[in-house]
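This briefing is meant to be read beside the sequence and the model.

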Amino acid sequence: MASKQYKNVYLNDYFTLVGPLEKMSHLKKYNLAMDDYYYKEKTFEQAEVKMQNVVVDNIMSRNCLNNSDINLLIGGDLTNQIAVSNYNAKKYNIPFIGLYSACATFTEELIIASNFVDCSGYKKILTVVSSHNLTAEKQFRYPVEYGAPRPHTSTFTTTGAIATLIGKKEGNIKIESSTIGRVIDMDVSDANNMGAVMAPAAASTLVEHLNDLKRDVSYYDLILTGDLGCVGGKIFQEFLEKNHNIFLKKYMDAGCELFLDSQETYAGGSGPACLPLVLFNKILTTKKYKKILIIGTGALHSTTFVNQKKSIPAIAHAVSLEVC
Amino acid sequence: MTKDDYKKLVKKHTPREPKLRNIVVAFFAGGFIGFFAEFLIYMLQESFGMSKVIAGSWTCLIIIAISSILTAFGFFDNWVNKCKCGLIIPTTGFAHSVTGSALDYKKDGLITGLGSNIFKLAGSVILYGVISAFILVVIRVVING
């Protein structure tokens with residue numbers, strides 16, 4: 001069984017930093033914003049390390065925590081060898097786990113942190129996740145200045161960094177249960193249509209979650225997928241209807257909810273930072289939803305394998321949150 | 001659902017690219033660059049008394065210099081998407097791809113970054129350009145003797 005329920009695990013605090021384009025999007029009440037992609041550093045990669053540093057520093061000082069108060073730091077990002085998270089972690093003298101699940105990294109971090117808190121008696125765990133549009137573009141697509149024409153299925157990597165504090169202390173956001181996803185490959189190899197790559201993985205995880213916990217989809221006030229985008233979101237809904245006879249009524253996709261139409265990001269936002277930014281700075285600010293299922297979706301895209309004409313596998317992890 | 005069924009589902013939801021509009025936009029954008037270049041050639045011939053071949057070479061250099069400078073100012077970031085391939089296919093695109101790669105990788109070191117990545121995008125154009133030129137010359141020699 002891939003699902004697990006937790007007794008006393010809470011998301012005690014979060015701190016968000018958004019990029020220049022995200023600052024002018026649908027997001028509200030973010031903690032900090034960047035004016036430009038360099039963030040007063042020399043390179044984009046170093047800027048992303050600084051972004052992680054800033055959110056971790058702020059969440060620690062806001063909760064009056066020292067390095068020794070935190071049992072574990074979990075970090076992830078999109079760069080090769082998750083270098084950004086490693087360079088961030090070297091600043092802190094805290095035991096560290098680095099994760100990579102592409103854009104599903106945030107939910108994977110929540111699952112691992114919740115398991116440690118629930119089973120191992122860890123009291124406070126910090127998670128940090130970030131993505132930077134230009135480091136991702138440089139790594140996965142073309143050099144930054146090139147600005148190649150993009151098709152309407154393509155998504156725009158979100159710039160942002162988010163730190164969360166997870167612990168036993170009772171709080172407003174409870175991490176209720178989670179489901180670890182399986183790697184699914186439906187033979188899509190179009191790197192410009194990541195929504196289509198990830199939709200079957202999201203469906204598989206959702207179905208597994210509902211079956212394991214014997215719930216109906218109407219149990220949740222909102223089902224929020226990570227970054228399927230506007231195109232992938234529609235594919236996801238129809239895939240569920242045709243294959244599993246599940247009709248989603250209260251459904252949103254974080255990627256599709258993030259940017260304004262005028263920002264010309266086509267199918268919407270993507271990247272590990274997309275889901276947490278929309279969750280914390282848009283969905284939770286409305287205070288409308290009590291039971292939220294977040295499904296982080298990751299396309300496990302490797303340029304090497306795609307160049308060798310292989311399809312792109314995908315994974316999705318789900319976390320159920322209860323907000324009071 | 002089989003993988004083929006899924007491909008059909010994806011196709012159904014994939015928005016169609018406005019190909020005809022893109023072609024027209026690219027035609028006029030690329031055409032404008034061609035018009036500008038022709039104007040330069042004419043002007044160089046008239047004002048500096050150059051022969052047509054020499055004026056053509058100078059025009060090429062001027063276009064390359066202008067597009068490289070525009071790359072540095074971030075002009076292409078916004079305009080490539082608006083003008084589609086109209087900006088990329090002429091010499092402007094070649095110059096832009098070299099300058100873009102150079103700008104991007106200069107921070108990774110002069111040899112390991114800039115040197116080894118400057119032709120990241122333009123490398124294919126150079127390699128296959130030279131090969132096809134060679135093949136065409138061989139064909140010409142065989143036919144014409």
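**Around Ala29 of chain B**

Once its neighbours within four places in sequence are set aside, Ala29(B) is in contact with Cys83(B), Gly86(B) and Leu87(B). These contacts, like everything below, are read from a predicted model.

- Ala29(B) belongs to helix H2 of chain B, and it counts as buried because it has 22 C-beta neighbours inside 10 Å, where 20 or more are required.
- Although Ala29(B) and Cys85(B) are 56 residues apart along the chain, their C-alpha atoms are separated by 8.4 Å.

**Helix H2 of chain B**

- Helix H2 of chain B takes in residues 19–48, and its 30 residues should span 44 Å at 1.5 Å a residue; the end C-alpha atoms are 42 Å apart, which agrees with that expectation.
- After H2(B) comes Gly49(B), a residue whose phi is positive, near 65 degrees.

**Strand S4 of chain A**

- In strand S4 (residues 72–76) of chain A, five of the five residues are buried, so the strand is largely enclosed by the rest of the structure.
- Together with helix H3 (residues 83–89) of chain A, the strands S4(A) and S5(A) make a right-handed β-α-β unit.

**Strand S2 of chain A**

- Eight of the nine residues of strand S2 (residues 10–18) of chain A are buried, so this strand, too, is largely enclosed by the rest of the structure.
- Eight bridges pair S2(A) in the antiparallel sense with strand S8 (residues 160–167) of chain A, where Ala163(A) stands opposite Phe15(A).
- Two bridges pair S2(A), again in the antiparallel sense, with strand S9 (residues 173–179) of chain A, where Lys174(A) is the bridge partner of Tyr10(A).
- The pairing of S2(A) with strand S3 (residues 32–33) of chain A is in the parallel sense and has two bridges, with Ala33(A) as the bridge partner of Val18(A).

**Contact between the chains**

- The contact takes 28 residues from chain A and 24 residues from chain B.
- On the side of chain B that touches chain A, helix H1 (3–13), H4 and helix H5 (91–105) of chain B each supply at least two residues.
- By class, that side of chain B has ten nonpolar, seven polar and seven charged residues.

**Confidence of the prediction**

- For the complex, the predictor gives an ipTM of 0.87 and a pTM of 0.92.
- The average pLDDT of chain B is 91, with 100% of the residues scoring at least 70.
- Within chain B, confidence is highest in helix H7 (residues 123–144), at a mean of 94, and lowest in helix H4 (residues 75–83), at 82.

Note on methods: Residues numbered from 1 in each chain as written. Chains lettered and ligands numbered in written order. Predicted model: local features only at pLDDT ≥ 70, side-chain atom pairs only at ≥ 80, totals over all residues. Buried ≥ 20, exposed ≤ 12 C-beta atoms within 10 Å, placed from the backbone. Helix = DSSP H or I, 4+ residues; strand = E, 2+ residues; numbered from the N terminus. Right-handed = clockwise from strand over helix to strand, strands pointing away. pLDDT = per-residue confidence, 0-100. Contact = placed C-beta atoms within 7 Å. Nonpolar A, V, L, I, M, F, W, Y, C, P; charged D, E, K, R; others polar. Expected span 1.5 Å × (residues − 1). Pairing = 2+ DSSP bridges.
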